[in-house]
Amino acid sequence: MKRFLPLLLALVLTIAMTSPALAAGPKLAPSAGNAKSPFTLVGTITAIDATAKTVTVKILRGNSLVKSYIGQEVLIKTSAATLYRFTNGTTTTVITFSDLKIGNAVSVTGTLSGGTWATTRITVGAKLSCLP
């Protein structure tokens, strides 16, 4: 039993050290042809097309998928399932597509698939003070 205790301890420590890396899952890159890659970005609205229900956002910051698009404008498609929110820092309220305005600071989450940015949530009132 004394011989197996160090081996068991080493095995437990190895599993404990690698489990956070395994929980992160595989890295998704849009160029790899993934069906859907999740994104999160922060930026400002530069254009709104009410007919097509699209929003153009100039990206200021985002997750690793968005890093190569910082400073660029991207066309974000909305759907009937898109959630619209407004936050003032303490309270979050539900809004509609028609409440979006050019110049709004927004936080957007969704999926990038085949060059199409499809959103699941747009939150107006994102804090941009910590951005470059």
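Begin by selecting phenylalanine 39 and tryptophan 117, both of which are buried in this predicted model. The centres of their rings lie 4.9 Å apart and the planes stand at 70°, so the pair is edge-to-face, since an angle over 60 degrees counts as such. Colour the strands next: phenylalanine 39 belongs to strand β1 (residues 37-49) and tryptophan 117 to strand β7, so the pair ties together parts that are 78 residues apart in sequence.

A search of the whole structure finds 3 aromatic pairs, and another one to show is that of tyrosine 84 and phenylalanine 97, which is edge-to-face with 6.1 Å from centre to centre and 75° between the planes. Tyrosine 84 sits in strand β4 (residues 83-87), while phenylalanine 97 sits in the loop between β5 (92-94) and β6, so this pair links parts that are 13 residues apart in sequence. Tyrosine 84 is buried, with a relative accessible area of 9%, and phenylalanine 97 also counts as buried, at 7%.

Move on to threonine 109 in strand β6 (residues 105-113), which is buried with a relative accessible area of 16%. Beyond its neighbours within four places in sequence, threonine 109 is in contact with Phe39, Thr40, Thr119, Thr120 and Arg121.

Finally, turn to the surface and select leucine 5 in helix α1 (residues 4-24), which counts as exposed at 53% relative accessibility. Together with Leu8, Leu11, Val12 and Ile15, Leu5 forms a nonpolar patch on the surface, with about 490 Å² of accessible area together.

Technical notes:
Residues numbered from 1 in each chain as written. Predicted model: local features only at pLDDT ≥ 70, side-chain atom pairs only at ≥ 80, totals over all residues. Heavy atoms only, no water. Patch = residues over 30% accessible without salt bridge, like charges linked within 9 Å, V, L, I, M, F, W, Y side chains within 5 Å. Areas by Shrake-Rupley, 256 points an atom, 1.4 Å probe, with all protein chains shown as cover. Salt bridge = Lys/Arg side-chain N within 4 Å of Asp/Glu carboxyl O. Helix = DSSP H or I, 4+ residues; strand = E, 2+ residues; numbered from the N terminus. Buried < 20%, exposed > 50% of the residue type's maximum accessible area, 1.4 Å probe, protein only. Contact = heavy atoms within 4.5 Å. Phe/Tyr/Trp six-rings, centres within 6.5 Å; stacked < 30°, edge-to-face > 60°.
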